[in-house]
Amino acid sequence: MLDNLRIVLVNTSHQGNIGSAARAMKTMGLSELVLVDPVEAPQSHASALAAGATDILAQARTVPTLQEAIADCHLVLATSARSRTLDWPMLDPREAGKQAVQEAARGRVALVFGRENSGLTNEELQLSQYHVHIPANPDYSSLNLAMAVQTLSYEVRMAWLASENEQQDVQQEPSTYPRGDDLERFYQHLEQSLTQSGFIVRQHPGLVMNKLRRLFNRARPDENELNILRGILSTYDKRMLSDKTKG
C-alpha cells in the first residue's frame, strides 16, 4: 500500500532539502519521490543529507510540471498555509494520513510540497482534491521542507499501521476515482462547452472555471460519474453543432 504513496516536491531551491526529504521519507517507509523542475538537481550535498536514503534519490524522477507529476494519481493532497483567496477542502496532517492510506489501497496518491519560500501557487493548489495545513505555533510557524515531509510521512505511517491492525468489514464495492489527467481532460471539455454556449466569457474564463474546479474537486466524482458528465457534454456539443448546421 505504501508503494502507492508519492512525495512530490515542486521547484525546490536547495538540493540539501531534497536529500533531507528523502531521509524523512525512508524512515517512514515511503520510497517514491518526484521532483518538479528543481532549481538544483540532487548531487553530493543532497546525498550527504539523505544519510542512507540515497537509493530514494537515485530512483527519484524529475518532471517539468506538476500536472505531469500527478497525471496518474487518483488523489492529490497539497500542503498549504490557510488561504483567504481559495476556499478549498482542508485537512490536518492526521486526517490527511488517514485519507491517503484509505485511497492508496485503490490507486496512486500524491502528497505535494511547494517551494521553500513561497509554497504552491493558486494554480498548483487547484490541481488537488484537498489542501493540508500543519497547525504549527502561530508565533513561529516556520517549518522547513524536510520537517513538513517528515510530519506528513509520519501521519501516513501511523494511519497505515492502524489499518494493518484493523479488520474492516467492507460494506460496498469501493469507488474508483479518475486519474489526474482524466480530470484535466474533463475540465478542458467543460470549459470548451461552456465557452461555446456563451456561459463563459472567452476573455475571462478563469473566475467561473476556478469555482467549477472547486465544486467538482469537493464532490470527487468517481470514474463512472465522470464518464456520465463527459457524456452529457458530448451530447450537448453535438446538439450545438446540429443547431448551427440547421441555422
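What radius of gyration would a compact globule with 247 residues have, and what value does the protein have?

**Figure 1. Overall dimensions of the predicted model.** A compact globule with 247 residues would have a radius of gyration near 18 Å, and the protein has 20 Å, which agrees. The radius of gyration is taken over C-alpha atoms, and the globule rule is 2.2 Å times the number of residues to the power 0.38. Along the principal axes, the C-alpha atoms fill a box of roughly 70 × 45 × 35 Å. The protein has 10 helices and 7 strands (DSSP runs numbered from the N terminus: helices are H or I with at least four residues, strands are E with at least two). This is a predicted model, in which local features need pLDDT of at least 70 and side-chain atom pairs count only at pLDDT 80 or more, while totals for chains, interfaces and linings use all residues. Residues are numbered from 1 along each chain as its sequence is written, and side-chain values use heavy atoms, with hydrogens and water left out.

**Figure 2. The interface of domain 1 and domain 2.** Domain 1 covers residues 5–170 and domain 2 covers residues 180–245; these bounds come from an automatic or database domain assignment. The centres of the two domains, taken over C-alpha atoms, are separated by 30 Å. Domain 1 contributes 15 residues to the contact and domain 2 contributes 11 residues, where contact means heavy atoms within 4.5 Å. Between them the domains bury about 1100 Å², with 46% of it on carbon and sulfur atoms. Buried area is the accessible area (1.4 Å probe) that two parts lose on being put together, summed over both. In domain 1, the residues that lose the most area to domain 2 are Trp88, Gln126 and Gln129, together 42% of what that side buries.

**Figure 3. The salt bridge of Arg220 and Glu103.** The closest N and O atoms of this pair are 2.4 Å apart. A salt bridge is a side-chain nitrogen of Lys or Arg within 4 Å of a carboxyl oxygen of Asp or Glu. Between domain 1 and domain 2 the count is 1 salt bridge.

**Figure 4. The salt bridge of Glu32 and Arg6.** In this pair, the closest N and O atoms are 2.8 Å apart. Glu32 lies in strand 2 (residues 32–36) and Arg6 in strand 1 (residues 5–10), so the pair ties together parts that are 26 residues apart in sequence. The structure holds 11 salt bridges.

**Figure 5. Positive phi at Asn11 and Ala51.** Most residues other than glycine have a negative phi. Asn11, in the loop between strand 1 and helix 1 (15–27), has a phi near 55°. Ala51 has a phi near 50° and is placed in the loop between helix 2 (44–50) and helix 3 (54–59).
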